[in-house]
Amino acid sequence: MSATSPLSAADTDNPLVAGLERLPVHPTSLVIFGATGDLAHRKLLPALYNLAHEGQLPERFEVIGVGRRSHEEEEFRDTVLNSIERFSRRRPDPNVLEGLLNDTRYVQGSFDDDEVYTELARTLAEFDSQAGRKLDRVFYLSTAPEFFPLIAGKLGAHNLDHSDHAAVRIVIEKPFGYDLASARKLNAELLEVFEEPQIFRIDHYLGKETVQNLMALRFANALFEPVWNRNYIDHVQITASEDIGIGGRAGYYEHSGALRDLVQNHMLQLLALLAMEPPTAFDADRLRDEKLKVLEAIVPPTLDEVAGMTVRAQYAPGVVGGVQVPGYREEAGVAPYSRTPTYAALRLHVSNWRWAGVPFYLRTGKQLSRKLTEIAVILKQIPHIAFQSSGSVGIQANQIVFTLQPDEGVSVSIGAKIPGSRMRIRPVNMEFRYGTSFLSESPEAYERLILDAMRGDATLFTRNDEIEALWGIVDPILEAWDKDKSSTIPQYEAGSSGPREADALLLPGHVWRRL
Ligand code: BG6
């Protein structure tokens, strides 16, 4: 494969791309378990292509797909090609494709079959000897979670969990457990084979550019940090609304639901990054120590408080994007009386000096009116309005909004005077848009995360104690929801902005931002 290449001189003359650089990555063999599955197809393989396209992969880079489907090597390469052609954010370049496919192998078999691991060990050793050096090894478990302990155990049993003179890492993807007890069990099982620094738990939200920009904005500017506390911030709203249903994932979703699927991981991670204290350095442990402190400062609602601090609901039939869609209970594979929530909203508090008394509202749902992921920080109203006499009506609290999708960027709303003889104020936005300020398209989260896993940088991955703290927050909510068999679960029309019940969570004077 091509060596990592610095940007050309012409590129660096351009201030819009200055600073976009490539990082050195050690030569690596990447093994993808579940290489014929959906995640690999839609995300991982296209991400690898884009990394190759940008010259970000190491000069020696090999991919081994492990899957249960019987494929000849050539057939597997065809499926890789197909994934890239369908899902790559760039039009594939034939030369780059050829380079990537030449370095791709397939090992077929079921994950409990020792033969698979023997074959894997043989192929990895072959790559090492061709390279004349030990390549780092990354095992990416793109499989159902029940296979994580099994595969980790087999890797250990076949001595694939370590390598002399090279790093070995394992990457896993949520769900990390089903509740606190199962998450602890999974952590213990993984730690029987691997050391914590070898384990990379992906939360793909942490790879999104705007999420990292949240940290840049907070810690690279003097402007925001002074107001980042209870004295100036009134409340925070974190929204992850989706305009899709559960697709073909009923089997997974029925046992998961909105709280486990998005809140326990992505949304609470966003909250932690927004609310944490400034880390002394941007390195894996210092950053994660700060996130952990915030998560531990969130006091989970007691069983009695859950009803007043949370809302769950399910989508009923409706129209989304002009298309009539069925209700959740009518989806294939969903029980007709299912109580799995497809919408969840919460009011949380971070009990520490900085945030005491500031509500953090979180809401997420499927089949809502549009896809929008944002963090809105709403500041307090100004203490005194001096313009009343001349008829000012439009003064609103400032808002700082981080949009993760669809239009990545940050906007700050400020009150400005409407041209004219009267002192009339209305909110206007100061905007930063990723696509306008930097000439490049923002990379997919998986590109960044795969690269970081290969570089051994765990800053944007979740540590075991964080996972347990995250479950500690949602466990009591799940328990209370489970116990509450009495009432039916509220329904919201597909294509709407969610259930009316969600308004009841808001403290007086607060309103949900429009979707
Ligand atoms: C996944 C959830 O983790 O995140 C999905 O399992 C959800 O249900 C997805 O659709 C949302 O991710 P994104 O990047 O599209 O916001």
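**Close-up 1. Buried residues of helix 3 in the predicted model.** In helix 3, the residues F76, R77, V80, S83 and I84 are buried, where buried means under 20% relative accessible area, exposed over 50% and partly exposed in between, with a 1.4 Å probe and protein chains only. Seen down the axis of helix 3, these buried residues fall within an arc of 115°, so they line one face of the helix; the arc is that of the directions from the helix axis to the C-beta atoms. The exposed residues E85 and R86 sit on the face of helix 3 turned away from its buried side.

This is a predicted model, in which local features need pLDDT of at least 70 and side-chain atom pairs count only at pLDDT 80 or more, while totals for chains, interfaces and linings use all residues. Residues are numbered from 1 along each chain as its sequence is written, and side-chain values use heavy atoms, with hydrogens and water left out.

**Close-up 2. Packing partners of helix 3.** The buried residues of helix 3 pack against helix 2 (38–53), strand 2 (61–67), helix 4 (94–102) and strand 3 (104–108), contact meaning heavy atoms within 4.5 Å. Helices (H or I, at least four residues) and strands (E, at least two) are DSSP runs numbered from the N terminus.
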